[in-house]
Amino acid sequence: MSPPESAALSLHFDAADLLDLRLAGRVLRVAQGALVLTRADTGAGCEVQTLALPGDLLGLECLGTHTASQQALALSAGSLQPVTLERPGALTDLLAEAYDQACRQCRDMLALRSGPVGERLRRLLMLLGAQTGDGHDMADLSRPPLRTLAALVDATPESVCRVLSRLRKLKMLQPVTPQRARVSLQALNDFQPPRGMTESGLARLARHEPGAGRAGALEPPGEARP
């Protein structure tokens with residue numbers, strides 16, 4: 001189901017653009033691109049709420065009395081289209097669609113926050129690649145900042161960096177430019193992230209050193225593990 005929407009009124013954005021959805025004052029649909037919806041929090045920066053993909057609705061708060069302090073950070077270039085509610089029953093259909101979307105987004109975010117970091121990042125790349133691929137194995141993606149990826153999968157930037165480095169070594173992720181990378185969707189789909197993808201080189205060395213399994217190995221004297 002898709003309400004009548006005019007391509008002539010599309011709002012275009014580039015990767016890394018920050019969109020204030022309150023300024024639109026109406027419901028919008030993602031026509032192209034991917035965005036991270038955040039809630040401005042004056043005390044703690046931006047809180048990631050969910051991921052918006054092509055076909056998703058934005059700005060539903062304007063239909064009610066509540067105005068959320070919501071922003072959208074673009075992970076890739078794309079466009080938004082205004083949603084019209086002129087035909088009979090359009091609002092009912094829109095709310096039903098919004099409910100289904102909210103359920104799907106909850107499942108997506110739960111998957112991106114569950115399990116080892118390597119698996120969470122694999123799921124995120126698959127999710128983004130499925131939207132940008134042309135039906136073939138390879139998909140071109142924009143390269144968001146590490147902090148943005150880390151916030152989406154609830155990990156540290158250092159852990160995300162190590163996983164991406166391992167994926168590059170395995171030829172599943174190929175840098176194209178400083179702003180873009182190419183991923184193999186089939187390889188990612190078949191990949192089972194091994195233990196230790198987020199460990200530093202020193203930590204991996206420690207696991208293979210004699211006595212590494214003992215408490216306190218490679219730790220300064222007098223320091224205990226937390």
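Predicted model: local features only at pLDDT ≥ 70, side-chain atom pairs only at ≥ 80, totals over all residues.

Residues are numbered from 1 along each chain as its sequence is written, and side-chain values use heavy atoms, with hydrogens and water left out.

Overall counts. The secondary structure comes to seven helices and eleven strands; helices (H or I, at least four residues) and strands (E, at least two) are DSSP runs, numbered from the N terminus. The chain has 226 residues, of which 38% count as buried. Buried means under 20% relative accessible area, exposed means over 50%, and partly exposed is in between, with a 1.4 Å probe and protein chains only.

Now the interior. A nonpolar core here is a set of buried Ala, Val, Leu, Ile, Met, Phe, Trp, Tyr and Cys residues joined through side-chain atoms within 4.5 Å. Which residues touch the most other members of the largest core? They are Leu51, Leu124, Leu128, Leu152, Val160 and Leu167, out of 33 residues in that core. Elements giving two or more residues to this core include strand S5 (45-52), helix H3 (117-132), helix H4 (146-153) and helix H5 (157-169). The largest share, six residues, comes from H3.

Take Leu124 as an example. Leaving aside neighbours within four places in sequence, Leu124 is in contact with Leu51, Leu112, Leu149, Leu152 and Val153. There is also a second, separate core of twelve residues, and Leu35, Leu37, Ala72 and Leu80 are among them.

Helix H4 has Thr148, Leu149, Ala150, Leu152 and Val153 as its buried residues. H4 is followed by Asp154, whose phi is positive, near 55°.

Val36 lies in strand S4, residues 35-41, and counts as buried because its relative accessibility is 2%. Beyond its neighbours within four places in sequence, the contacts of Val36 include Val48, Thr50, Leu51, Ala72, Thr148 and Leu152.

The surface. Leu63, Leu85, Leu91 and Leu95 form a nonpolar patch with about 320 Å² of accessible area together. Patches are made of residues with over 30% relative accessible area and no salt bridge, where like charges are joined within 9 Å and nonpolar side chains (Val, Leu, Ile, Met, Phe, Trp, Tyr) within 5 Å. Leu91 has its place in helix H2 and, at 42% relative accessibility, is partly exposed.

How many disulfides does the structure hold? The number is zero, taking a disulfide as a pair of cysteine sulfur atoms within 2.5 Å. Cys62 is partly exposed at 36% relative accessible area, and Cys161 is partly exposed at 34%.

Last, the charged pairs. A salt bridge is a side-chain nitrogen of Lys or Arg within 4 Å of a carboxyl oxygen of Asp or Glu, and the whole structure has seven.

Arg104 and Asp56 meet in one of them, at 2.8 Å, N to O. This pair links distant parts of the chain, with Arg104 in helix H2 and Asp56 in the loop between S5 and strand S6 (57-58), 48 residues apart. Is Asp56 buried or exposed? Asp56 is buried, at 4%, whereas Arg104 is partly exposed, at 23%. Asp56, Arg104 and Asp108 are linked in a network of salt bridges.

Glu119 and Arg122 also pair, at 2.8 Å, N to O. Both lie in helix H3, three residues apart, about one turn of the helix. An α-helix has 3.6 residues a turn, so residues three or four places apart point the same way. Glu119 is buried, with a relative accessible area of 14%, and Arg122 is buried at 14% relative accessibility.

Arg182 and Asp140 form a salt bridge at 2.9 Å, N to O. That pair links strand S11 to strand S9, 42 residues apart. Arg182 is partly exposed at 30%, and Asp140 is partly exposed at 31%.

Note on methods:
Contact = heavy atoms within 4.5 Å. Areas by Shrake-Rupley, 256 points an atom, 1.4 Å probe, with all protein chains shown as cover.
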